[in-house]
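Work through the exercises below with the model open. Each task comes with a stepwise solution.

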Amino acid sequence: MPAVRIRRRRAVALASAAVLAGLAVPALTPATAGASAPAPEAPAAQAHAAVVADYYERAEGKTGDDLRDALNTIVSDQTKLSYSAVWDALKDTDEDPANSGNVVLLYSGVSRSKSLNGGDTGDWNREHVWAKSHGDFGTSTGPGTDIHHLRPADVQVNSVRGNKDFDNGGSAVANGGGSLTDSDSFEPRDAVKGDVARMIFYMAVRYEGTDGWPDLEPNGSVNNGSAPYIGKLDVLKAWNEQDPPDAFEQRRNDVIHESYQHNRNPFIDHPEWVESIW
Ligand SMILES: [Ca+2]
Ligand SMILES: [Ca+2]
């Protein structure tokens, strides 16, 4: 049994590595037949793909509500952080790849010193992408300290976002990097629209009302207030398509998995699962 299991996992891992590297199988037309084969996948990428494939083993082949249930079980097995520990975690997960002394601010897209964490103008603080008032879960250890949806944000930009739902439209947010807002919604800059959507989808499958926390869900509304919902679902689904996971977001998921919570955001690894569940 172990041999079969290992072979199957290896096949899945290799296939996933090819997909992750964007290597489509070329059509064998006379013009391309005999052309040089794609370079073999680097061992590190293969090992990474194997880790990811193993992580989702019990979700394999599932769709819809069965997939959602399996993902809830998988991602709920996690280490939980205190709210004070979130500061140091974000300095790692959101480090600027071009400057290890800085973090990249989610909505502004600017790089700022890690040491400027705080609450004053010019500082960055801990933005809850799933606004903590939507379900009123606060900052005790739980959804309010789950770094899959916590990101460094400029203090003032964070204040403009407030607890607004997500939707398209509005006027430019000062120092918002192209983010827009109106009276009842916030639209992040294009480069993080998918990141925001996938954080919301993670929260929805992680928190199902079974562990003392509210059942968080995206819906079609704005003005959700303190209900455990975030809108707008159709807009978030479109953002997931429009802005696929990039290296920064994928590294972030790996760092959280390896060093902090030991769980993953499934929608960064499999953005196509959004359409299967919603
Ligand atoms: Ca992005
Ligand atoms: Ca839920």
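The model is predicted: local features need pLDDT of at least 70, side-chain atom pairs count only at pLDDT 80 or more, and totals for chains, interfaces and linings use all residues. Residues are numbered from 1 along each chain as its sequence is written, and chains are lettered from A and ligands numbered from 1 in the order in which they are written.

**Exercise 1.** Find the order of the strands in the open sheet and its edge strands.

*Solution.* 
- Helices (H or I, at least four residues) and strands (E, at least two) are DSSP runs, numbered from the N terminus.
- Strands pair if DSSP finds at least two bridges between them.
- The three strands run in the order S1-S2-S3, with antiparallel pairing.
- S1 (95-96) and S3 (111-113) are the edges, each pairing on one side only.
- S2 (residues 99-104) joins S3 through three bridges. Asn 102 stands opposite Ser 113 in S3.

**Exercise 2.** Which residues of helix H4 (residues 83-93) are buried, and against what do they pack?

*Solution.* 
- A residue is buried if 20 or more other C-beta atoms, placed from the backbone, lie within 10 Å of its own.
- Val 86, Leu 90 and Thr 93 qualify.
- They share one side of H4, because they cover an arc of only 70° around the axis (taken from the directions from the helix axis to the C-beta atoms).
- They pack against S2, S4 (124-128), S5 (150-154) and helix H8 (247-260).

Notes: Buried ≥ 20, exposed ≤ 12 C-beta atoms within 10 Å, placed from the backbone. Contact = placed C-beta atoms within 7 Å.
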